Amino acid sequence: MRQKWIQWIMITSAISGVAWLGGLGWTIQDYLREPAALPPAERTPAAAPPTPTPPVVQEGSFRLLVLGDSLARGTGDPDGKGFVGYMVDEMKGKTKQEIVVDNYGVNGQTSSQLAASLQQAQLQAQVKAANVIVVSIGGNDLFLGGETLGNLNPANIKEIEDKYLLQLDAILKLVREHNASARIFLIGLYNPFIALQDTVTTTKIVRDWNYKAAEAAASYPQAVLVPTFDLFQLKVQNYLARDLFHPNAAGYRLIGERVASLITW
């Protein structure tokens, strides 16, 4: 009797297992089957992209927009202020207006990336609202994280320079399309490698780069290049962060004070 009972349980379990496997197979097949298209009336329309919210312009405030690379972000300053922070400190001593800062600096950003970002409606709204626009761009184009030091051939430098100048013109053009009156300050390059070998060559490259960038800026109204080369030229090691590329707090202070000195009220 007990043996028959065990056999009956085994037969029942086998039948249940087969049924379970069959159900699983149908479930998987149904899952993998491409879903039927919905009739036109039942399809859910795609959601429209959100409308960018324009910045709130407070009456009597002074809006400062910062665009560009890691210098715009203040990388290398242990206090996190960067030249923008020291610049604003100086500006506050000249006006009672509220100074509103919008910093869109991105570590590692190149000129082509900045030009692409200026196609975004949200950033265009920030450009439109700004009184002063500071642009720090070009260091990553030229130095490529130090890779350019391995190929200082004039033909290579010219190729890099020509590409940059095209992008710089596109950046300035886009800014002016959305803001015809804001003052634009383009931060010139310094030479972080001036104390290394090939100093004569790298110095000439950076000086030529700055000259052509200044000429590009000068073709747009109220746009100027702010020189920084001389600030670092004599004591570059005193003004560089530990990475020997970005400024330290003292270096950023020099840049910030120089830009602030050019802003009139």
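**Questions on the predicted model**

Modeller: This is a predicted model. The accessible surface of the chain comes to about 15,500 Å², and carbon and sulfur atoms account for 58% of that surface.

Biologist: What percentage of the residues in the chain is buried?

Modeller: The chain has ten helices and five strands. Of its 265 residues, the buried share is 42%.

Biologist: Is S117 buried or exposed?

Modeller: S117 lies in helix 4, which covers residues 111-117. Leaving aside neighbours within four places in sequence, S117 is in contact with Q109 and L123. The relative accessible area of S117 is 13%; because buried means under 20%, S117 counts as buried.

Biologist: What is the distance in space between I171 and S112, C-alpha to C-alpha?

Modeller: I171 is found in helix 7, residues 154-178, and is buried, with a relative accessible area of 0%. Not counting residues up to four places away in sequence, I171 touches S111, L114, A115, L118 and I137. I171 and S112 are 59 residues apart in sequence, while their C-alpha atoms are separated in space by 8.7 Å.

Biologist: How far apart are the end C-alpha atoms of helix 8?

Modeller: Helix 8 covers residues 199-218 and has 20 residues. At 1.5 Å a residue, helix 8 should span 28 Å. The distance between its end C-alpha atoms agrees with this expectation, at 28 Å.

Biologist: What arc around the axis do the buried residues of helix 8 cover?

Modeller: The buried residues of helix 8 are T202, T203, I205, V206, W209, N210, A213, A216 and A217. They lie on the same side of helix 8, because the arc they cover around the axis is only 160°.

Biologist: Which exposed residues are carried by the face of helix 8 turned away from its buried side?

Modeller: The buried residues of helix 8 pack against helix 6 (139-143), helix 7, strand 4 (183-187), strand 5 (223-226) and helix 9 (229-233). An α-helix has 3.6 residues a turn, so residues three or four places apart point the same way. On the face turned away from the buried side of helix 8, the exposed residues are V200, K204, Y211 and A218.

Methods:
Residues numbered from 1 in each chain as written. Predicted model: local features only at pLDDT ≥ 70, side-chain atom pairs only at ≥ 80, totals over all residues. Heavy atoms only, no water. Helix = DSSP H or I, 4+ residues; strand = E, 2+ residues; numbered from the N terminus. Buried < 20%, exposed > 50% of the residue type's maximum accessible area, 1.4 Å probe, protein only. Areas by Shrake-Rupley, 256 points an atom, 1.4 Å probe, with all protein chains shown as cover. Contact = heavy atoms within 4.5 Å. Expected span 1.5 Å × (residues − 1). Arc of directions from axis to C-beta.
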